[in-house]
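Have a look at the model below before reading on.

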Amino acid sequence: MTEEVLRIRGGRPLRGEISVQGAKNSALPLMASALVCRGETILTNVPQLTDVYAASRILNRLGCRCTAEGQTVRMMQNGLETSEIPDADMRAMRSSIMFLGPILGSTKQCILTMPGGCELGPRPIDLHLEAMRKMGVTIREEGGRILCRAERLTGAHIHLPIPSVGVTENIIMAAVCAEGETVVTNAACEPEITDLAQYLNQCGAEIAGAGTQTVTVQGGRPLTGTEYRVMPDRIAAMTYLCAGAAAGGAVCVSDAEPAHLKSCLSVLEQAGCRIGICGSRIFLDRSGGLRNIRYIRTMPYPGFPTDAQALIAAVMSTAKGTGVIEETIFESRFKYLGELMRMGADIRVTGRTAVIAGVPKLHGAVVTAPDLRGGAALAAAAVGAEGETVIRGLHHIDRGYEDFARVFNSLGANVERGSFSA
Ligand code: EPZ
C-alpha cells in the first residue's frame, strides 16, 4: 500500500532564509469572528492549511460565503442559514469549538456535538460552556448534541480557572454582541488573542486589555467587516529555527514577530545558538556544539509555549548533557518521544516529565507523526540525523504547515514528499 510520506536525508547543516507563514492559531479564530461582522471581511497572509479549509467549509455550511484564493480568504456575512455545526465538521477540526461564541453572538443559538478526544488527550469544552452560561445561554445535551440558546446574550464578569486560549477567544466573540460589559479575568495573554481583538476593534468593537490577564468588552456595537492581515506564525518560526539548531548552520526567518518568541529565543541561546534580530528577521547560527537545557516547563504566554515543546525536544536530543521538559498544559503531548527514540534519542518519560540525555547524533528511521507539532519535531530532528528518515502521518503536518517540504529545502535540507510504499 502506498502512502504520502516525507523522505529526509539528513546530516548537512542548514543555510538560508525563509519567510514565515501567517499564524494558523490566529487565522482560525479570525475566520470564525467574521460571523459577527456584517458584510465582507478580507483576511490576508492566511496560511494554506487543511485546518483553514475545514474552517471555510464550516462557514459556508452556516451560510457565510467563504472563498480562499492563495493566502487571501474572503467572507461575506449577510445572515446565517443555520446555527448548527454538523458532527463531521466538529470532528474534522478540534478547534471547531471556536465557532460557538460567534454563532451565539450572531444568532443567539448554536447546536454542536461533543467533540471527540484528539492526539493531545481529551479536549474538554466544559469551560467554554460554563462561560456561555454566565452570559445567559441555556445549554442542554440531547443524544450527543449540545443545544445552546439565549433569550438575551448579556455581558458578565467571568473569571477563568485556567487561562484557556480558546475560551478567552470564544468569550470575546460572543461578548461583542452581548448587551453591556463583559470582563474576563485570568484571561489567556497569547498574541493570537491580541490579533483577534485588533481585528474586531477595526470592525467597530470596543475591546480593551487583550494580551493581558484582564480583557474588557463593551458589547452591542454594530460591527462591519474589514480587511485584516493575519499575524506571523510564532510556532512555525520556532519550527524552522529549531531545525537550524538541530542540524547546525545559519538560518534566517523573515516576516516574523520576534517579540512573540522571547521565551523560545532565550532557550535556544541557552542551548548555545547565537541569535540575532533585525526588524522582522530572526537569525540563528549554530556552529559549535549544543548544551542541554537543564529544565523547561511549558506555561501560558509569555512562558515557554506548549506548542514548541516537541520542537525543543528535537534540539535537546543531541545536546551535551541531560535536560528535563515538564508539560503542564496538555495531558498527553509526549507521543512523539517514542518516535524520536527510534532515531536513537535517549529519553525517559514519567507522566508529564521527559528526561532527555543528549546523544552525539541521531540516525534515520521510519517514524510516524502522532500530532501536528510532534510531526514537525521529527522533521527538525531528521535534518540533523545521519542517513534517511521517512515520516508518515503527513495529514497532521498539513494541518499547520504550509509548503513544509519546500520551506525546508529552501534552507538547504534534502526533503522529498511523495507516495512511497511504506
Ligand atoms: C490553543 O488550543 C491552540 N489552538 C493550541 O495549539 C495551543 O496548544 C493551546 O491553545 C495552548 O496554547 C488554537 O489556537 C487553534 P486551551 P486551545 O484551551 O484553545 C484545558 C497547535 O498545535 N481546557 O488554552 O484548545 C485543555 O484541555 C494547537 O497549534 C479545559 O479543561 O487550548 C488544556 O489542557 C495544539 N476545558 C488547557 O485547558 C475547556 O473547556 C489549555 O487549553 C478548555 C480547555
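**Notes on the ligand site**

1. Both domain 1 (2–21 + 232–421) and domain 2 (24–229) give at least three residues to the shell around the ligand. Those domain bounds come from an automatic or database domain assignment. Keep in mind that this is a predicted model, where local features need pLDDT of at least 70, side-chain atom pairs count only at pLDDT 80 or more, and totals for chains, interfaces and linings use all residues. Residues are numbered from 1 along each chain as its sequence is written, and side-chain values use heavy atoms, with hydrogens and water left out.

2. Who's in the shell? There are 22 residues around the ligand, and Asp-126, Ser-164, Gly-166, Asp-307 and Ile-329 come nearest (near means a heavy atom within 4 Å). By class, 10 are nonpolar, 6 polar and 6 charged; Gly counts as polar here.

3. Now the helices (DSSP runs of H or I, at least four residues). At least two shell residues come from each of α1 (24–33), α5 (126–134), α6 (165–175) and α12 (372–384). The largest share, 3 residues, belongs to α5.

4. Check the polar contacts (pairs of N or O atoms within 3.5 Å). Oxygen atoms of the ligand lie 2.5 Å from a polar side-chain atom of Asp-307, 2.8 Å from a backbone N or O atom of Gly-166 and 3.3 Å from a side-chain N or O atom of Arg-333. On its own the ligand exposes 830 Å², and the protein buries 85% of that (Shrake-Rupley method, 1.4 Å probe).

Methods:
Polar contact = N/O pair within 3.5 Å; in protein donor to acceptor, adjacent residues only side chain to side chain.
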